[in-house]
Amino acid sequence: MLMAMLSLSSASQPTCLTIKISRFIVSGRCKYGATRLATQSLGRSDFGKTGNNFIKGLYHSPRFKVLAASTLPVVQTVEEKLSAYLFRTDKGGNVKVVITKLKDGKYGINVEIPSLQLNGKYANELIMSWGVFRSDSSSLIPLQSIDSGIFETPFAVDSLNNFSAKLEFDASLAPFYVSFVLKCPVNGEKIEIKSHRKTSFCFPVGIKSGHPSPLGVSYSTDGSLNFALFSRNAKGVILCLFDDDNNSSEEPALEIDLDPYVNRSGDIWHASMDGVMNFVSYGYRVKHDGQEKSSIVLDPYSKVIGENFLVRICKEPTFDWSDDVSPSLPMEKLTVYRLNVADFTKDMSSKLPDEIRGSFSAITEKLHHFKDLGVNAILLEPIVSYDKRKGPYYPSHFFSPQNSYGPHLKQMVKRLHANGIEILLEVVFTHTCGNSSLAKIDKPTYYASDNTLNCAHPVVQNLILDSLKHWVINYHIDGFCFVNSSSMLSGFNGEHLSRPPLIEAIAFDPILSKTKIIADSFDPIRNSTKEIMFPHWKKWAEMNARFCSDVRNYLRGESLVSNLATRLCGSGDIFLNGRGPALSFNFVARAHGLSLVDLVSFTTATEFSWNCGEEGATKKKTVLETRLKQIRNFLFILFISLGVPVLNMGDECGQSSGGKISVKDRKPFNWKALKTGFAVQMIEFISFLGSLRVKRSDYFQRREFFKAENIDWYGPDLNTPNWEDPTSKFIAMNLKFDQNDESQLTSDMFAAFNSGDGPITATLPPPRLGMVWVRLVDTGLSYPGFFSMTGEPVVEKVPGSLSYQMTPHSCVLLEIRSLDG
């Protein structure tokens, strides 16, 4: 059986077009969209059953012309053939429609019927009864108010004895549909000829089938605009076009009901338009079983989002990336500062203009702060649109920065790159907020359950890969931290996959593999971290949650010294299997949880925190001194451990949320706090530790683990540490230079840690002849003497025995130097 309509223009053209008609519009002199005029409603009946309300003759309009081949000469102004359709009629035979683009910018439509298909009773007085409409939406923008939108055009016989009728339409009217039936009088009665499915013949003008790739909106070389949306389970898709960014509460200016026979390839719905007139944004209605009318949803692949979550119909703004070069820092050289774009500068204390506070532009205005800290990488909390009630870890979109952060992300990236600072993004691909458009478009495909994305599905994987590559290609992002990454390892049925295809694809993608990819197994929904062996292919780094918990437990006196030793040496239990310590991203505080100052001010079992003797705020000097030492200890251990140190926004100035751990309880960065004595000494200490890591990169910025012969472990008296004794609070390590490696510096270092409540006298290894131990750090001393790059020599207080007196809850770092300096 022949299809109702066969495309002659392309072998890949869909085979059938069905359009439901409820309202017709005709052209007028006014430009489309300039006014809203009344439209005659014809209900949802077939076009051929609209009664006797017909307009006889020709409709003479400068923008709308009907040509009868028998009476009007046709000037051959065809510039290009756009498409052709072949309809099968219910009386037998075919009707051919050819759409062309004329040189004067108009659309030409030629309807042909071979004379051999018409017997005598149909040959005389054949009429095409037709109308123009936009869609079957209940809200349209008509172009002229008239009594009826139905026209009758007679056919004429051309030179080949075929019946032909020609129409011309101004190109500015597009997109629209033409619907018609054939009529001819037989024995005093009008006989209607329809399609073999008993429906009107319908075809689009200015709307083409389009292409299934790429998803989203794209511009073709001929200037046409292509729309493509994935939805396997949709029963129908309506493309909604708006002529005003702010009218989302109203109906669209134009709705195009995509036909599954013409505008669908596999599971992708698509259409293209020669022009979009004055439309500025678009969205979709996705119809499912049981829905009377669906709400308008955002295109998941939209790159430029306007107001009210409508996608702007425009190319991404051009940006001059000339002279932009990523610092491309080796992983082991990184020092990372994690921040939230809005909270970083939205407080009035930032002293920035209102129009840029809390934006990307504001971050570049605070470049000096990053310089003061000595950081060379910024980790941004999720910057895409998210659920404002739940926070940035509940995204609603994956391809565009949210509008409140401003349009200047690219300028920020370029400026920070020029200053040697890389940009990393936290991304969440395991779940979405409740009102994400993905659930309304195709929940069975995109979701495993509730708001949990099905990362095992190829469509979801492609969405994630496309999003990541978009950020790299268009925004020059240097890397990504994947929040809740452990959930990305599950299969269709929740089973753990040893080789999850998405994780492997990211590791070997030619674009993404050149970036820094970091797994973070923290689950913001359950506020917990899953400890797993993450598949890595020697490329995936990890946020080291064990580093965080072990360091916290050690400093509060509730951990074996062996756990601290493992973290100091780069967490070999995690990264020894082919990766190395440079892929360990170490942290002691994060956005979800207690800030650094709250870790030493509140006792919380789940946070492994200790209040140092009194809960919350206090004026007790001994408690405050212990808290200050503990904060120094946290920073000291963070920076001298193998791996990448990650600082959290506000910890440098004592930012507190009053012991609360929710992101919603976090306060904006208080720039006035930077003037306090606490902030001054912490910023100086952090800068010092960063400089020390660079100066002694042979120890603190390593890609490989220490060799056994390059490190010795000691108890207080140079004895073997009590590795398995839970009461042991002291451990020391002696880092010895490699005499066989000429690239290494030639001095040993000695670090000691005392988490106990009492002082400890630590015996030092004897230095070589002509050398002396020099103190670089002692967190138990007062500011500013507790750290110094020049150092203070350690002298023997007891002849023949070199030792160092450590206060409770303190750490010490010594370096061997020659006596002559």
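Trainee: Are F344 and F669 buried or exposed?

Mentor: This is a predicted model, and in it both F344 and F669 are buried.

Trainee: How many aromatic pairs does the structure hold?

Mentor: There are 36 aromatic pairs. One of them joins F227 and Y282, edge-to-face, at 5.0 Å centre to centre with 75° between the planes. F227 is in strand β15 (residues 225–230) and Y282 in strand β20 (residues 281–287), 55 residues apart.

Trainee: Why is F227 called buried?

Mentor: Its relative accessible area is 2%. Buried means under 20%, so F227 qualifies. Y282 is buried too, because its relative accessible area is 0%.

Trainee: Which residues form one aromatic cluster?

Mentor: The cluster is made of F398, F429, F480, F482, F534 and W540.

Trainee: What makes α5 roughly perpendicular to α7?

Mentor: Helix α5 (residues 409–418) and helix α7 (residues 458–475) have axes that come within 10 Å and cross at roughly 65°. Angles of 65 to 115 degrees count as roughly perpendicular, so α5 is given that label relative to α7.

Trainee: Which residues of α5 and α7 meet?

Mentor: From α5 they are L409, K410 and V413; from α7 they are W471, N474 and Y475. By class, this contact of α5 with α7 has four nonpolar, one polar and one charged residues.

Trainee: How do you know that K410 lies over the face of Y475?

Mentor: K410 is at 5.1 Å from the ring centre of Y475. The distance cut-off is 6 Å, so this value passes; the label also requires the charge to be within 35 degrees of the ring normal. K388 likewise lies over the face of Y386, at 4.7 Å from the ring centre.

Trainee: Why does G593 count as buried?

Mentor: G593 has a relative accessible area of 9%, and the cut-off is under 20%, so G593 is buried. G593 is found in the loop between β33 (584–586) and α12 (596–599).

Trainee: What does G593 contact, leaving aside its neighbours within four places in sequence?

Mentor: G593 is in contact with E607, K660 and I661. G593 and E607 are 14 residues apart in sequence and 7.2 Å apart in space, C-alpha to C-alpha.

Trainee: What makes Q681 buried?

Mentor: Its relative accessibility is 8%, under the 20% cut-off, so Q681 counts as buried. Q681 lies in helix α14. Not counting residues up to four places away in sequence, Q681 touches L628, R632, Y783, F786 and F787.

Trainee: How many helices and strands does the protein chain come to?

Mentor: The count is 15 helices and 42 strands. Of the 821 residues of the chain, 57% count as buried. Among contacts between residues at least 6 apart in sequence, 72% join residues at least 24 apart.

How values were computed: Residues are numbered from 1 along each chain as its sequence is written. This is a predicted model: local features need pLDDT of at least 70, side-chain atom pairs count only at pLDDT 80 or more; totals for chains, interfaces and linings use all residues. Side-chain values use heavy atoms; hydrogens and water are left out. Axes are lines fitted to C-alpha atoms, for helices over the stretch in contact, and angles run from 0 to 180 degrees between N-to-C directions. Helices (H or I, at least four residues) and strands (E, at least two) are DSSP runs, numbered from the N terminus. Angles under 35 degrees count as roughly parallel, over 145 as roughly antiparallel, 65 to 115 as roughly perpendicular and the rest as oblique. Contact means heavy atoms within 4.5 Å. Ala, Val, Leu, Ile, Met, Phe, Trp, Tyr, Cys and Pro count as nonpolar, Asp, Glu, Lys and Arg as charged, and the others, Gly among them, as polar. Rings of Phe, Tyr and Trp (its six-membered ring) pair if their centres lie within 6.5 Å; planes under 30 degrees apart count as stacked, over 60 as edge-to-face and the rest as tilted. Buried means under 20% relative accessible area, exposed over 50%, partly exposed in between (1.4 Å probe, protein chains only).
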